[in-house]
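Let's take a walk through this protein model and look at a few of its helices. Keep the 3D view open as you read.

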Amino acid sequence: MMARTLLFFGDSLTAGYGLGLAQAFPALLQLQLEAEGLPYRVVNAGRSGDTTTSGLARLDATLAAHPQPAVFVLELGANDGLRGYPPAVTEANLDAILTRVRQHHPTTTRCLLLGMELPPLLGGPFAAAFGALFRAVAGRHNATLVPFLLNGIILNPALTLPDRVHPNAAGQRRMADVVWPALRPLLTRAPPAGNRI
């Protein structure tokens, strides 16, 4: 059976900042797929520094380069929050990204949204609005949601690089462990290779 594509679209968390693609959680998920004999190929389209705005700007080119993914995994928004972008802007951009994915592939692509949260010290109401927007976007687009990708990782010196934000190799392993239970059911539901719209 021809391997189908799992397209990971994100920022430095997906790109494996400070480690490299081979140690990033998408590559670790590829090893899990191979261990289970699942015919899927991971494509890591992470780019360090991306916000939802810059991600939206490069989306069409990414979809053209990797047509018809079985699952589109969206991991963006952390940089928006850390830079204090209005949650409404982040939400609108995530909406636009998933809308465009659905327009390109309305029946063949499942979507998985990896949510983010901010520490309350960055602003209680702001942090609350930021965390809530991922649930709202996932609901509107019938996307599977991982509520908080960095749960237990951020600010944990055992799982982060010296900046206490970016995951180290152990933190990337933890992210893979968080994502896998949400990703695995989408693979069983994905249509077989060869289906076209």
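Which residue just after α2 takes a positive phi? That's G37, with a phi of about 70°. Bear in mind as you look around that this is a predicted model.

Helix α2 itself covers residues 25–35. Its buried residues are F25, P26, L28, L29, Q30 and L33.

Now for a pair of helices. Two packed helices are described by the angle between their axes and the distance between the axes.

| Item | Value |
|---|---|
| Helix α3 | residues 52–65 |
| Helix α5 | residues 87–104 |
| Axes of α3 and α5, distance | within 9 Å |
| Axes of α3 and α5, crossing angle | roughly 10° |

With that crossing angle, α3 counts as roughly parallel to α5, because angles under 35 degrees fall in that class. Who meets whom? On the α3 side you'll find T52, T53, G55, L56, L59, D60 and L63. They meet V89, T90, N93, L94, A96, I97, R100, V101 and H104 in α5. Sort the residues of this contact by type and you get 8 nonpolar, 6 polar and 2 charged.

Next, the rings. The whole structure holds 3 aromatic pairs. In one of them, F130 and F134 have ring centres 5.3 Å apart and planes at 80°. That makes the pair edge-to-face, because planes over 60 degrees apart count that way. F130 and F134 both sit in helix α6 (residues 124–141), 4 residues apart, so about one helical turn separates them. Are they buried or exposed? Both F130 and F134 are buried.

Definitions and conventions. Residues are numbered from 1 along each chain as its sequence is written. This is a predicted model: local features need pLDDT of at least 70, side-chain atom pairs count only at pLDDT 80 or more; totals for chains, interfaces and linings use all residues. Side-chain values use heavy atoms; hydrogens and water are left out. Axes are lines fitted to C-alpha atoms, for helices over the stretch in contact, and angles run from 0 to 180 degrees between N-to-C directions. Helices (H or I, at least four residues) and strands (E, at least two) are DSSP runs, numbered from the N terminus. Angles under 35 degrees count as roughly parallel, over 145 as roughly antiparallel, 65 to 115 as roughly perpendicular and the rest as oblique. Contact means heavy atoms within 4.5 Å. Ala, Val, Leu, Ile, Met, Phe, Trp, Tyr, Cys and Pro count as nonpolar, Asp, Glu, Lys and Arg as charged, and the others, Gly among them, as polar. Rings of Phe, Tyr and Trp (its six-membered ring) pair if their centres lie within 6.5 Å; planes under 30 degrees apart count as stacked, over 60 as edge-to-face and the rest as tilted. Buried means under 20% relative accessible area, exposed over 50%, partly exposed in between (1.4 Å probe, protein chains only).
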